[in-house]
Amino acid sequence: MSYPFEYGNETLWDAGYHGGQLYASFVQGAAEFLEVPSGLTPTREGGCEVDPAALQDFTARMYDLYCSTNSDVLRGLMQGLLVTSLVLMERVGTAITLRPEHEACLREQMTAFAHSMA
């Protein structure tokens with residue numbers, strides 16, 4: 001069973017059921033914490049519809065927090081969520097500007113995640 005993330009008629013990520021649910025749950029919790037919409041709307045069929053503009057805003061806010069904290073724990077908690085969101089954004093043709101000090105590491109992780117999110 002899968003948990004698809006869709007934009008219109010396009011499936012951006014046909015996640016495994018548990019992985020997709022966990023990602024969607026993490027996004028919802030982070031969006032509540034950041035006080036912004038997540039950009040993900042659960043569907044009746046069991047998956048999420050992606051709103052590119054809202055996902056971009058959510059991801060930008062999460063990245064701002066990621067950049068502004070000195071807490072290794074907070075960064076570690078956010079990293080997988082951030083990278084997965086960056087891959088989804090890339091698949092809908094949106095992006096945020098990454099700071100030079102983070103860009104190489106995050107892009108490397110995005111490549112690895114994108115490969116397993118195929």
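In this predicted model, helix α3 passes helix α4 in a right-handed crossing. The two helices, α3 spanning residues 72-91 and α4 spanning residues 100-116, pack with their axes 9 Å apart and at an angle of about 70 degrees. Because angles from 65 to 115 degrees count as roughly perpendicular, α3 is described as roughly perpendicular to α4. On the α3 side, the residues that take part are R75, Q79, G80, L82, V83, T84, L86, V87, E90 and R91, and they meet H102, C105, L106, R107, Q109, M110, F113 and A114 of α4. Sorted by class, this contact of α3 with α4 comprises 9 nonpolar, 5 polar and 4 charged residues.

Helix α3 also meets helix α1, which covers residues 17-34. Here the axes come within 11 Å and cross at roughly 105 degrees, which makes α1 roughly perpendicular to α3. The contact is built from Y23, F26, V27 and A30 on α1, together with L81, T84, S85 and L88 on α3.

M62 lies in helix α2, which runs over residues 52-68, and M62 counts as buried because its relative accessibility is 2%, where the cut-off for buried is under 20%. Leaving aside residues up to four places away in sequence, M62 touches L34, M78, L81, L82 and S85. By contrast, the C-alpha atoms of M62 and G16, which are 46 residues apart along the chain, are separated by 24 Å.

What remains is a pairing of charged side chains. A search of the whole structure finds 1 salt bridge, and in it the side chains of E103 and R107 meet at 3.1 Å, N to O. Side chains of opposite charge can pair when their charged atoms come close. E103 and R107 are 4 residues apart in helix α4, so about one helical turn separates them. E103 counts as partly exposed because its relative accessibility is 31%, and R107, at 34%, likewise counts as partly exposed.

Key: Residues are numbered from 1 along each chain as its sequence is written. This is a predicted model: local features need pLDDT of at least 70, side-chain atom pairs count only at pLDDT 80 or more; totals for chains, interfaces and linings use all residues. Side-chain values use heavy atoms; hydrogens and water are left out. Buried means under 20% relative accessible area, exposed over 50%, partly exposed in between (1.4 Å probe, protein chains only). Contact means heavy atoms within 4.5 Å. Axes are lines fitted to C-alpha atoms, for helices over the stretch in contact, and angles run from 0 to 180 degrees between N-to-C directions. Angles under 35 degrees count as roughly parallel, over 145 as roughly antiparallel, 65 to 115 as roughly perpendicular and the rest as oblique. A crossing is left-handed if the near helix is turned anticlockwise from the far one by less than a right angle, and right-handed if clockwise. Ala, Val, Leu, Ile, Met, Phe, Trp, Tyr, Cys and Pro count as nonpolar, Asp, Glu, Lys and Arg as charged, and the others, Gly among them, as polar. A salt bridge is a side-chain nitrogen of Lys or Arg within 4 Å of a carboxyl oxygen of Asp or Glu.
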